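Please read the following note beside the sequence and the coordinates. It is arranged as numbered points, each on one topic.

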Amino acid sequence: MGRPSKGRQRIEIRRIEDAGRLEVTFSKRKSGLQKKASELFLLCGSPVALVVFSPGKKAFALGTPSVDDVLRRHAPVPGEELDAKILAVLQDTDDASAVADRAEAEAIVRRTEDTRARSATEKARMDAIGKSVRQAAAKAGRKFWWEADSDELGEDELPEFVKVLRRLRVNLQRHLDSLSAPARQLQ
């Protein structure tokens, strides 16, 4: 079992020197920023553009309706015009198509949030199943998870265990085929 959590604590805001902690903090804070930006769009209908560069110099962008549209609204590219549909959405008019576009954008954001929540729930479920399988293997005195005693697994774990074992078998067969291919070429 892991160490107990300290919960939310106030931290001193200063540069993080440890590379591992820096990556973890960046990842968590970036996702929090993205969530806040999408909430701001949902609640206020304000176009939002967010561009964040990781410590590894990788760019992450989020924009509603898009980063490009928001940036072009404030700094248009010379000689290029936005079409009327995008302008209507960005200028908060009461045009029926603009309202429909805004509703569609809000629906997309809501579906995205719903998908993230379902994904997190499924990941937690699979983690729990994995833990049960590892415990069943350890209880049987086995070293590897795939040696778990299937009689020790419950209704939730067994179907997933079977799926993973099948995937493992397919991957092993593919690996064996790739290893034996050069041997066949030598013959």
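The points below go from the overall make-up to single residues.

1. Basis of the note. This is a predicted model, in which local features need pLDDT of at least 70 and side-chain atom pairs count only at pLDDT 80 or more, while totals for chains, interfaces and linings use all residues. Residues are numbered from 1 along each chain as its sequence is written, and side-chain values use heavy atoms, with hydrogens and water left out.

2. Overall make-up. The protein has five helices and two strands, where helices (H or I, at least four residues) and strands (E, at least two) are DSSP runs numbered from the N terminus. Along the sequence these elements follow the pattern α-β-β-α-α-α-α. Of the 187 residues, 20% count as buried, a term that means under 20% relative accessible area, with exposed meaning over 50% and partly exposed in between (1.4 Å probe, protein chains only).

3. Surface and contacts. The accessible surface comes to about 14900 Å², of which 55% belongs to carbon and sulfur atoms; such areas come from the Shrake-Rupley method with a 1.4 Å probe, and for residues only the protein chains shown count as cover. Among contacts (heavy atoms within 4.5 Å) between residues at least 6 apart in sequence, 31% join residues at least 24 apart.

4. Helix H1. The 26 residues of H1 (residues 19-44) should span 38 Å at 1.5 Å a residue, and the end C-alpha atoms are 37 Å apart, which agrees; the expected span is 1.5 Å times one less than the number of residues. The buried residues of H1 include Leu22, Phe26, Lys30, Gln34, Ala37, Ser38 and Phe41. After H1 comes Gly45, whose phi is positive, near 70°.

5. Gln34. This residue lies in helix H1 and is buried, with a relative accessible area of 18%. Residues up to four places away in sequence aside, Gln34 touches Leu50, Phe60 and Leu62.

6. Nonpolar cores. A nonpolar core is here a set of buried Ala, Val, Leu, Ile, Met, Phe, Trp, Tyr and Cys residues joined through side-chain atoms within 4.5 Å. The largest has eight residues, namely Phe26, Ala37, Phe41, Val48, Leu50, Val52, Ala105 and Val109. The elements giving two or more residues to this core are H1, strand E1 (48-53) and helix H4 (96-139). Apart from it lies another core, of seven residues, among them Ile129, Ala136, Ala137 and Ala148.

7. The largest pocket. About 800 Å³ of space lies in the largest pocket, the volume being the space filled by probe spheres set on grid points that are joined across faces, edges and corners. On a 1 Å grid over the protein atoms alone, a pocket is an open set of points where a 1.4 Å probe fits, with protein on both sides within 12 Å along at least five of seven lines, and lining residues have an atom within 4 Å of a point. The lining has 19 residues, of which Ile11, Ile16, Arg21, Thr25 and Arg29 lie nearest the centre of the pocket. The largest share of this lining, nine residues, comes from H1.

8. Lys57. Although Lys57 is not a glycine, its phi is positive, about 70°. Lys57 is placed in the loop between E1 and strand E2 (59-64), and at 71% relative accessibility it counts as exposed.

9. Ala103. Located in helix H4, Ala103 is partly exposed, with a relative accessible area of 41%. Ala103 and Gly45 are 58 residues apart in sequence, and their C-alpha atoms are 9.8 Å apart in space.

10. Trp145. The loop between H4 and helix H5 (157-186) holds Trp145, which is partly exposed at a relative accessible area of 29%. Neighbours within four places in sequence aside, Trp145 is in contact with Val133, Arg134, Ala137, Phe161, Val164, Leu165 and Leu168. Ser132 is 13 residues from Trp145 along the chain, and the C-alpha atoms of the two are separated by 9.7 Å.

11. Glu160. How does Glu160 count, as buried or exposed? Glu160, which is found in helix H5, counts as buried at 12% relative accessibility. Leaving out residues up to four places away in sequence, Glu160 touches Arg125, Met126 and Ile129.
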